[in-house]
Amino acid sequence: MIDSLKELINSISSPSFFLTLSIILLGVSLYFKQFWTRRSLGIAAAISGGLFLFSVTDENFREIVAKPDNLPIIALLFLVGFFTWLSLHLAFDNDRRKAAGEPILEKQETLPKTFVWPDLVYIEFIALIVCTVVLIVWSVLLKAPIEEPANPADSPPSTKAPWYFLGLQEMLVYFDPWIAGVVIPSIIVLGLMAIPYIDRDVKGSGYYSFRERRPQILVFLFGFSILWVFLIILGTFFRGPNWNFFGPYEFWDVHKVVLMNNVNLSEFIWVRGMGIGLPRNWLVREIFGIVLLLGYFAVPPYLLARGWFRSYYEKLGINRYLLMMFLLLSMLALPIKMYLLWIFNLKYIVSIPEYFFNI
Amino acid sequence: MKKLFTVKNTQIWKSIFRHGPPEDRRNRSLAVLANVFLHLHPVKVRSSSIRLRYTWCMGGLTFFLFLVLTVTGILLMFYYRPTVEYAYGDIIDLREQVPLGAMREIHRWGAHAMVISVWLHMFRVFMTGSYKPPREFNWVVGVLLLVLTLLLSFTGYLLPWDQLAMWAVTVGSNMARATPLMGTEGPGTALLVLGDVKLVHAGNDARFFLLAGRFVGAATLLRFYVLHCIAIPFVASILMAVHFWRIRKDGGISGPL
Amino acid sequence: MWNVGSFLRVEKGFQMAEKSDSKPEITRRGFLSWVRAGWIAFTAAAATGSLSAFRFMFPNVLFEPPQIFKAGFPSEYADGMVDTRWKEKFRVWIVREGNLIYALRSVCTHLGCTPNWLSTEEKFKCPCHGSGFYISGINFEGPAPRPLERVRISLAEDGQILIDQTQIFQQEKGQWSNPESFLII
Ligand code: HEM
C-alpha cells in the first residue's frame with residue numbers, strides 16, 4: 001500500500017510537474033487571503049511536517065535528506081516558507097486595517113521614536129545570543145563533511161555546484177553555459193539593482209502591504225521563491241548522478257539511463273516541417289529562430305504599451321518601461337524555455353555552434 | 001551591589017565609561033554616542049521599525065554572522081596551508097585532531113547561514129518596499145554585498161581541496177569559458193583573430209584569469225585562498241560601512257510616512 | 001582667485017588677464033597648461049598602474065603537465081579500443097579504429113568535467129551533466145553542445161606517437177579533415 005503510493009509519487013514526479021505545481025500553488029495562495037492566517041500556517045506546518053515524517057521512513061529519501069550539507073537547504077525551505085507567510089500575513093493584515101480605516105501595524109506605536117539604548121540594543125543582544133547558541137549546537141552536533149582528496153582525472157558521478165548556485169546549474173539543462181552562467185547571473189544582479197530605479201513610487205514604502213504593491217510582489221515572489229529557491233531545492237533533492245531527475249523515494253542509481261533526444265528549432269522547420277535539409281549558410285538556417293527571438297523582445301513591449309501596460313508606459317516613460325519589459329521578458333524566458341524543452345524536446349531556438357552561439 | 005558601586009567609582013571604570021548608568025534620557029543618549037560601536041546607531045529610532053516582526057533582525061544577523069566568520073576564519077588560518085600537498089591534510093587534522101574542535105564546523109555552517117540570512121534580509125527589504133527613494137542607492141550597495149557574500153562562499157568552497165571542492169569549482173568556473181568575447185568558448189570569441197592567431201585562448205581568457213591556470217590546480221588554490229581570506233572580506237567590509245552609514249543618512253530604517 | 005567659471009572661459013580659448021608688472025609671474029594660461037600636463041601624466045600613470053595590476057593576475061609560468069608528450073608506439077594501441085592510460089596525467093584518450101588513430105581531449109565540451117569511457121556501453125559519459133559521446137567523440141545525448149575535441153597527433157622521428165595539445169581540432173568547424181588531427185598507419 002505505502003509502497004505503491006511511493007511508486008505513484010515517484011512516477012508523477014518530474015521537474016515539469018513540480019514547477020507547474022509550485023506556480024499554481026503560488027497563484028492560488030495569493031488569490032485567497034485566507035492562506036495567510038495563523039490557522040493556515042498551522043495547517044501548512046502540520047501537512048509539511050507530516051509529509052516529512054512519512055518520507056523520512058523511506059531509506060532512499062533519508063539518505064539524501066540526512067546529508068549534513070543538505071541541512072541548510074531544508075532550513076532554507078522552511079525559512080523561506082515561514083517568512084513568505086509572515087510578510088504576507090502582515091501585508092494582508094495591513095490591507096484589512098486600511099480598508100477598515102484603522103491605523104496599520106507600523107503606525108500603532110504610542111511613541112513614534114524610542115531610545116536605541118535599551119530598546120534596540122537589547123533586541124540585538126538577544127538575537128545575537130540566540131544565533132550563537134544555534135550555531136554552536138549545530139556545529140557540535142553535525143560534523144562538517146569532507147570527501148576524498150581532489151583528483152583531477154576522476155569526476156565523481158554527481159558533481160554539483162555549491163548549493164546556492166544549484167538554480168543556475170538547473171538552468172544549464174535548458175540553456176548553454178554562456179546564458180546560464182554568464183548572461184542570466186548578470187541580468188539577475190543588474191535587474192535587482194535596477195528595481196528601485198523602476199519602481200520609484202514612494203507610496204508603499206516602509207510597511208507591509210499586498211494590495212498597494214501587487215504586481216511588484218508577484219514578480220518578486222515568482223523570481224525569488226520559484227525561479228531561485230525552488231530550483232535550488234529541485235537541484236539538491238531531486239537531481240542525482242549525471243544530473244538525472246529522481247523522484248523523492250527513488251534510489252539514486254548511477255546507471256539510470258534517460259533518453260535525451262533534443263531537436264533544434266531549425267531542424268523542426270527545415271527538416272521536419274519543410275522536408276528539405278538544413279541549409280548550408282547558418283544565417284539562412286537560423287533565420288526563423290533569430291526572428292522569433294527578436295520578436296519576443298520587441299513585440300510584447302510594443303503591444304502591451306498600447307494595451308494592458310498602458311498605464312505603466314505612461315507613468316514610467318519610454319526608457320524605464322523598456323528596461324522593465326526587458327527584465328520581465330528575460331525572467332519569463334527561463335520558464336518558457338523549460339516548458340518548450342519538456343513539451344517539444346526543443347533544444348535550441350537559435351543554434352550557431354560555429355560561433356558558440358546557442359540560445 | 002555595594003561592590004559594583006565601588007568598581008564604578010574607580011578611576012579605571014570612569015576612564016572607560018564617561019557617563020552615568022543609562023537610566024535617564026541624557027545617559028541613554030550618551031551610552032550610544034560615546035561608544036564607537038554603538039554609535040553606528042542613532043540615539044533614537046522609529047519605534048515601529050525596530051520591531052522584530054518588521055526587520056526580522058535579518059540585516060543585523062547577517063552582520064553578526066560575518067563577524068563570526070571573520071573570527072573563526074582567522075583561527076583556521078593559523079593551521080591551514082593553501083597548497084596542494086597540505087590543504088586536504090590540514091582540513092582532516094582540523095576536523096579530527098582538535099579537542100573540542102568545532103571551529104571548522106562553525107565556519108562552514110555559519111557561512112551557509114549567512115547566505116540564507118542575506119537572502120531573507122533582501123526579501124524583507126523588498127516586502128516592506130524599503131528600496132524605494134531615498135534608499136535606492138543602499139539597495140544597490142546591498143545587491144553588491146549579496147554578490148560578495150556568494151563569492152566569499154564560493155572561494156571558500158575550494159579550500160578543503162576534496163573532490164567536492166575541486167569539481168564544484170571546475171563546473172562553476174567553466175562557465176567563465178563561455179563569457180562572450182572573453183572566454184575561449186564564448187559567442188563571438190572566434191571572431192577575434194589576427195590572421196591565424198587566436199587572440200583569446202585557453203591561456204588568457206576569463207577562466208584563466210579566475211583560475212590562474214588552465215585547470216583547477218595549485219595556483220587556483222592559492223588564488224582562491226587570497227580572495228577568500230583577504231580580498232573579498234576587505235571589499236565587503238568597506239561596502240558594509242557604506243551600507244550602515246547610508247541607512248542613517250537615508251533617514252534610518254524605513255517606516256510609514 | 002580661480003573659480004570654475006574662469007577655468008572654463010580660459011579653456012574655451014581665450015582671454016588672459018594682462019600683466020601689470022614685469023616680474024616673471026605664472027600666467028593663468030601657463031598654469032593651466034601645467035595642470036593639463038599634470039592631469040594627462042596622472043591619468044597615464046593610473047592607467048598603466050591598473051593595466052599592470054590586471055596583467056599581474058595572469059601568471060607567466062604554469063605548473064601544469066607539459067602540453068606536448070610522446071605516447072608510445074602505434075602498435076601498443078589495439079584496434080577498436082579507447083586507451084585511457086594518458087587520461088590521468090595529460091587528459092587525453094587515444095583511440096584506434098582500424099588503421100586510424102586519433103587523440104581526444106578528455107574534457108567535456110559542456111562544462112569541462114572529465115567524462116569516463118564506458119566500454120560496455122561503448123560511449124564516453126560525462127558524470128556531471130550526463131552528456132554522452134560516441135567513440136568518435138561525436139555528442140549524441142545530454143547537454144553537450146558539440147563533439148569532443150581532437151588534439152594534434154603525429155609520428156615523432158623515433159616512430160612514437162607525438163601528442164601536441166596546443167593545437168585543437170573541432171569537428172563542427174570541419175577541422176577533423178585536417179591531416180594533423182589523425183594518424184593513418
Ligand atoms: C552582507 C550583507 C548585508 C548586511 C550585513 C546588511 C546589514 C543591514 C542592516 C543591519 C540593516 C538594518 C535593518 C535590518 O536589519 O533589516 C540593513 C538595512 C538595509 N539593507 Fe542590508 N545588509 C546586507 C545586505 C543587503 C542586501 C543583499 C540588500 C538588498 C539587495 C540590502 C538592502 C538594505 C536596505 C535597502 C536597507 C534599508 C532598509 C530599511 O531602511 O528598512 N542589504 N542592512
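Helices (H or I, at least four residues) and strands (E, at least two) are taken as DSSP runs and numbered from the N terminus. The model is predicted, so that local features need pLDDT of at least 70 and side-chain atom pairs count only at pLDDT 80 or more, whereas totals for chains, interfaces and linings use all residues. Residues are numbered from 1 along each chain as its sequence is written, chains are lettered from A and ligands numbered from 1 in the order in which they are written, and side-chain values use heavy atoms, with hydrogens and water left out.

The contact between chains B and C (heavy atoms within 4.5 Å) takes 17 residues from chain B and 21 residues from chain C. The two chains bury about 1,600 Å² between them, 60% of it on carbon and sulfur atoms; buried area is the accessible area (1.4 Å probe) lost by two parts on being put together, summed over both. On the chain B side, Phe209(B), Arg214(B) and Phe215(B) lose the most area to chain C, together 33% of what that side buries. Helix 9 (163–174) and helix 10 (206–211) of chain B are the elements giving two or more residues to this side, and helix 9 of chain B supplies the largest share, four residues. By residue type, the side of chain B that touches chain C divides into eight nonpolar, four polar and five charged residues. In this division Ala, Val, Leu, Ile, Met, Phe, Trp, Tyr, Cys and Pro are nonpolar, Asp, Glu, Lys and Arg charged, and the others, Gly among them, polar.

In chain A, helix 10 (residues 265–273) has Leu265(A), Ser266(A) and Trp270(A) as its buried residues, where buried means under 20% relative accessible area, exposed over 50%, and partly exposed in between (1.4 Å probe, protein chains only). Seen down the axis of helix 10 of chain A, these buried residues fall within an arc of 115°, so they line one face of the helix; the arc is that of the directions from the helix axis to the C-beta atoms. Exposed residues Arg272(A) and Gly273(A) are carried on the face turned away from the buried side. The cover over the buried residues includes helix 11 (282–306) of chain A.

Two non-glycine residues with positive phi were also noted. Asn345(A) has a phi of about 55° and is found in the loop between helix 12 (310–344) and strand 2 (351–352) of chain A; at 37% relative accessibility, Asn345(A) is partly exposed. Glu122(C) likewise has a positive phi of about 55°.
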